[in-house]
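Hi,

Here is the structure I said I would pass on.

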Amino acid sequence: MGALGASSGVDTSGATVRPIKTILLATDLSAASREATDRAIDLAGRLDARLLIVNALEKRRLSGAGSHDRVDQARAERESHLVEVVRGARDAGVTAEFLVWDGDPGDSIAAAAEAEHADLVVVGTRGRSGAERMLLGSVSDHVVRHAECPVLVVRPSKRRDVGT
């Protein structure tokens, strides 16, 4: 692999590198996805890229503790949280908007990336062990395998308390 030419957008092997103009942030709005959100906003600002924030609404996972039985209630709650993420991005000088996509999260994120012509997908991961991933599946793994553009997977940091 050749080194990326800083101003030309071409690597030294002669292949054209597609500029990053649209970044799709896939978020489930959990604390675990906060680092991915911060990274996506930072990247969009540095690259002067549009940030599209996508949340997948999987109807079969709506019932249960702390959730809604009605799709309209779940959508309204998510939209209010997504508006806050958009505000944070705009406060950082980033052009941002959001979509709530119906369906399986992995499939929905890959489909949204294709439909919205994303140049990069940013997705968080919970850092599950191999056994947990095999049992529960991994949205980030699915997106890496199925998205038609590059995917940045942001792992949770292992922050240590300084001075303790």
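One term before the notes: "buried" means under 20% relative accessible area, "exposed" means over 50%, and "partly exposed" is in between (1.4 Å probe, protein chains only).

Housekeeping next. This is a predicted model, in which local features need pLDDT of at least 70 and side-chain atom pairs count only at pLDDT 80 or more, while totals for chains, interfaces and linings use all residues. Residues are numbered from 1 along each chain as its sequence is written, and side-chain values use heavy atoms, with hydrogens and water left out.

On confidence: pLDDT is the predictor's confidence in each residue, from 0 to 100. The protein averages 81, and 74% of the residues score at least 70. Strand β1 (residues 22-26) has the highest confidence at 97, whereas helix α4 (residues 130-136) has the lowest, with a mean of 46. (Helices, H or I with at least four residues, and strands, E with at least two, are DSSP runs numbered from the N terminus.) Residues 132-136 stay under 50 in pLDDT, and the model gives them five contacts beyond four places in sequence; a contact means heavy atoms within 4.5 Å.

Now the charged pairs. Side chains of opposite charge can pair when their charged atoms come close. A salt bridge here is a side-chain nitrogen of Lys or Arg within 4 Å of a carboxyl oxygen of Asp or Glu, and the whole structure has seven of them.

D42 is partly exposed at 35% relative accessible area, while R46 is exposed at 66%.

What does R50 pair with? Its side chain meets that of E97 at 2.9 Å, N to O. This pair links distant parts of the chain, with R50 in strand β2 (residues 50-57) and E97 in strand β3 (residues 96-102), 47 residues apart. R50 also has a salt bridge with E116, at 3.4 Å. E116 is in the loop between α3 (105-115) and β4 (120-124) and R50 is in strand β2, so this bridge ties together parts 66 residues apart in sequence. Through shared partners, R50, E97 and E116 form one network of salt bridges. As for accessibility, R50 is partly exposed at 22%, E97 is partly exposed at 35%, and E116 is partly exposed at 25%.

Cheers
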